[in-house]
Structure formats: structure tokens, C-alpha cells
Amino acid sequence: MESIMMEAYAKVNLGLDVVRRLENGYHEVRMVMQTVGLHDTLRLEKTKEGIALFTDSSEAPGDEHNLAHKAARIMKERYDIAGGVAIHLQKRIPVAAGMAGGSTDAAAVLKGMNALFALGLSEQELCDVGVCLGADVPYCIIGGTALAEGIGEKLTVLPEAPDCCVLTAKPPISVSTKYVYENLRLSEIEMHPDIDGMVSAVREHNLSGILSRMENVLEHVTEKKYPVITRIKCIMEENGAKKALMSGSGPTVFGIYGSSKEAEKAAEKLSEAEPDAQVFVTAFQRKEQ
Ligand code: ATP
């Protein structure tokens, strides 16, 4: 095999809770993660030596700072790969959006190099490498519906959530994850998201149970600073979303719709009202069998 194509899928958080602040400054979280169909495309090609990265994105780094490049480096070093690799990265997932764009590209490189160089690594071994690149990388390797705990790296695979159409919108603002966590007043939160209830609802394939528990504890912090998030949620819900929520630390908002037609219609309204937002109609993505 001389080259391989990989699709790197984005995620949304159906639920996100922060349990406590750890001494090392990280936060212990409990999140229900869901893969959506929106994806970047990567082509990995064997070369004589080194690591080269080419991307069509003006926002993601085009050098060794790109997580896809870092993933290739760690694989090359750890598994003593003699040859080189060229990574052609077509970005479609909005950058710095709360959709794990960089982590999913890294995960795709780990999986792609495993196949390209016939390394024979298990999913667990790839996750062990992935966690060195970022807490979300193991989840991006596994995909589907999962409970993520610890700093996001402790995964419990859940049954696939019921099929859902999804509208995602990223407003043209950059949100610092650091700012959001620093401004989260954990002691003042009276009601935490019901993550255990969400997990049970997923296990029971109970869509209304999932929708009624969709909550993100970081949303209050981000919404307070960026009213555009509230505006997008309102537009989604006024235009048929069963529920709209911010993903991760934002600023992407996603809405759950009953049909792709409804989601398309809402996407039109949203693009009229917020012309600079990056808007996509997608759906929950099934795991490859
Ligand atoms: P998460 O949901 O995991 O917090 P995110 O979706 O908020 O991630 P990314 O799109 O991964 O954020 O971008 C975060 C930062 O990572 C950006 O500032 C970007 O410069 C850098 N980055 C490195 N590699 C990539 C990549 N392959 N794609 C996008 N951003 C990347």
C-alpha cells in the first residue's frame, strides 16, 4: 500500500459536566460524546523520508504545529518507521470550534499510519499513543457514542444513539478554552447536567430522554461573554430544533432536528441572520463495522 485516504469526523458533546478542578490545573469532566458526519479528509502517502504536511486551510497550522504532523512524528519515532509520510489535509471542520477538529485529524493519522505501514497496532495501543497528543484523541480513535471521564481520556463505549439530523453553526469568534474554564464558578452551580441519566437514556435508545438531558455546564460562561451563542440557539429552536446546545467550550452550537429537510430550512434562516457563521447540515455518524 503506497497511500491511504482517511475521513476524520467531528464530535459534539450531548452532555458536558465539570466535576472538579485538579491540582495540575486540568479539570475532571464527564461528557457524552457523539460523532457527526461532518469530516476532514486526509490522504497519507509514503515518501522516502521525513514528514510533510499540506493543507488547504488558512486557519489550521501548515507546519509541525499541526496535530496531524505531531501524530505522524510520534508514530515514526515510537515505531521506528524508516520511510517518510506526506499528509494532505483537506479541512472542513471549523477550526477552534469545540468539535475536536485537530484531535480527529491526529486520530486519523494514527489509524492511517497503522494501516499504511502495516504496524498491526490494536485500537487500545493507538489510544495509548493518542492520549500523548491530547485528551480527546482516544475518543476520536474510537468514535460513535461514548462516555468520556477523567480529563476526557477514560472512555466507556455506549450503544449508538438514535439517528438524528444535526445542524451545526460556528460564529466568527474565537473562544479561549482557558478563559471558559477559568471563569467557571463550580461552587455556584446548583444543578449539574444529569450525565448518568443521559447514559441510561442512550442505553435505552430513548431519544426524548437524551434530548431532555442535553446540557453543557460551560455554556453559561461562554454565552455570558458571547451573546451570539444565545442568538444561534434561539434561531435553531425557533426553526424546529428539538434542542440546541453549545459543543465543548464553544463557540459551535448544534441543533437536533427530526429530518434533514427541517435542518436545511433552519440552516437557511440561520445563514440569513448570521451570515458569517460556518453552517453545516449533518447527522449522527454510525461507526464503521
Ligand atoms: P476541542 O473540541 O478538542 O477542544 P477544537 O475543535 O476546539 O478542539 P481545534 O479545531 O482542534 O479546536 O483547534 C484548536 C487549535 O489547534 C487551533 O488554534 C489550531 O491552530 C490548532 N490545530 C493544530 N492542528 C490542527 C488541525 N489539524 N486542525 C485544526 N486545528 C489545529
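Predicted model: local features only at pLDDT ≥ 70, side-chain atom pairs only at ≥ 80, totals over all residues.

Colleague: Which residues of H10 are the buried ones?

Modeller: Ala263, Ala266, Ala267 and Leu270. Buried here stands for under 20% relative accessible area.

Colleague: How do you know that they line one face of the helix?

Modeller: Look down the axis of H10: the buried residues fall within an arc of 110 degrees, so one face of the helix is what they line.

Colleague: What span should H10 have, and how far apart are its end C-alpha atoms?

Modeller: H10 covers residues 260–273, and at 1.5 Å a residue its 14 residues should span 20 Å. The count that gets multiplied is one less than the number of residues. The end C-alpha atoms are 20 Å apart, so the model agrees with the expectation.

Colleague: Over to aspartate 105 in helix H2. Why is aspartate 105 called buried?

Modeller: Because its relative accessibility is 2%, and the cut-off is under 20%. Leaving out residues up to four places away in sequence, aspartate 105 touches Ala8, Asp40, Leu42, Ala68, Leu89 and Lys91.

Colleague: H2 also turns up in the pocket list. What makes up the lining of the largest pocket?

Modeller: At least two residues each come from strand S1 (3–21), strand S2 (27–47), helix H1 (67–78), helix H2 (101–116) and helix H5 (177–182). The pocket has a volume of about 1300 Å³ and 46 lining residues, with Ser103, Asp136, Thr177, Tyr181 and Ser249 nearest its centre. By class, that lining has 23 nonpolar, 14 polar and nine charged residues.

Colleague: How much space lies in the second largest pocket?

Modeller: About 310 Å³. Its lining has 21 residues, and Lys111, Cys140, Ile142, Gly143 and Glu288 are closest to the centre. S1 gives the largest share of this lining, five residues, and the classes split into nine nonpolar, five polar and seven charged.

Terms used. Residues numbered from 1 in each chain as written. Heavy atoms only, no water. 1 Å grid on protein atoms, 1.4 Å probe; cavity = no way out; pocket = protein on both sides within 12 Å on 5 of 7 lines; lining within 4 Å. Points joined across faces, edges and corners; volume = space filled by probe spheres on them. Helix = DSSP H or I, 4+ residues; strand = E, 2+ residues; numbered from the N terminus. Nonpolar A, V, L, I, M, F, W, Y, C, P; charged D, E, K, R; others polar. Buried < 20%, exposed > 50% of the residue type's maximum accessible area, 1.4 Å probe, protein only. Arc of directions from axis to C-beta. Contact = heavy atoms within 4.5 Å.
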